[in-house]
Amino acid sequence: MRVLVTGASGTVSSLVVPRLIERGAAVRALSRDPAHRVFPEGVEPVEGDLERPATLDGVFDGVDAVMLYPHPETAEEVVDRIRNAGARRIVLISSASVQTAPGADTEHNHGHQHHRPVEEAVERSGLEWTHLRGGEFMVNDLDSLPDSVRAEGVVRAPRGDEPGAPVHEADMADMAAATLLEDGHHGRAYEITGPESLTPAQRTEVISRALGREITFVPLTLAEARELWLARGVPPELCDWLLWEPDPEDDGTDTDPTPDEYVSPDYQRVIGRPGRTYARWVADHLAAFR
């Protein structure tokens, strides 16, 4: 089986490529600048940009399956190129923020607006499709936590008591490799989380134990968090979405999920084992926090 991996030098894709090779697939790796990327032996590097479909001529020829990253502005044309080249399967890296239930508030949901149009283009293609809806990624913590941990021994974040179930990037790669190569996943939208629910304050405790020294959690107001994230270069619309709070008057029947309800069983059902814990992720990236 020949698989094309888009964004092949990215955080998840770079982990998918060796997994596919280990399982006997032929791999074509798409990136904007393959000459400056190092891929495992046997990988066929190709140049192209999903944001500029004209650069994709011939890229999908002879490919059986494609791992696709979302670019909503060009999704229709890219998916057309994949179908016309003769591929039969698309695995889309999507987001758990996608909402499809009747009455869902999608107007304020940046994640839905970015990912759902690509899902719809893939679903209309007539090809076998699987959506991998990742939740919060553990690796995002590398953008916000190590500097303050190293310099001050603190973690600053809003909503310190709000649980979530972040996913290890290696778990996303496991799911991508499995659904690209195995049958039985057509028409599925898998939600992929970590195996446990943790608040930001509890994640700080995990980092503290791994380092063997006290790391203090400092709660931020939503306004303080927005100011900090803007200073780090986070786009304003993304800040607004991440910090958005629904109006509790919209539907008084809604209740907050319990901690266990944040955890999806999909990874264990497909892979056959629990996902990697946050403690495992911190151990994998401990050098960044020292």
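Of the 290 residues of the protein chain, 46% count as buried, where buried means under 20% relative accessible area with a 1.4 Å probe, protein chains only. This is a predicted model, in which local features need pLDDT of at least 70 and side-chain atom pairs count only at pLDDT 80 or more, while totals for chains, interfaces and linings use all residues. Residues are numbered from 1 along each chain as its sequence is written, and side-chain values use heavy atoms, with hydrogens and water left out.

The protein chain holds twelve helices and nine strands, which are DSSP runs numbered from the N terminus (helices H or I, at least four residues; strands E, at least two). Along its principal axes, the C-alpha trace of the protein chain spans about 55 × 45 × 40 Å.

## The sheet

Seven strands form an open sheet with parallel pairing, in the order β3-β2-β1-β4-β5-β6-β8; two strands pair if DSSP finds at least two bridges between them. Its edge strands, β3 (44–47) and β8 (188–192), each pair on one side only.

Within this sheet, strand β1 (residues 2–5) pairs in the parallel sense with strand β2 (residues 26–31) over four bridges, and Arg-2 stands opposite Ala-26 in β2.

## Helices across the strands

Helix α1 (residues 13–22) lies across β1, β2 and β4 (65–68), running at about 170° to β1, with angles taken from 0 to 180 degrees between N-to-C directions of axes fitted to C-alpha atoms, for helices over the stretch in contact (heavy atoms within 4.5 Å). Helix α2 (residues 75–84) lies across β4 and β5 (89–95), at about 165° to β4.

Terms used:
Buried < 20%, exposed > 50% of the residue type's maximum accessible area, 1.4 Å probe, protein only.
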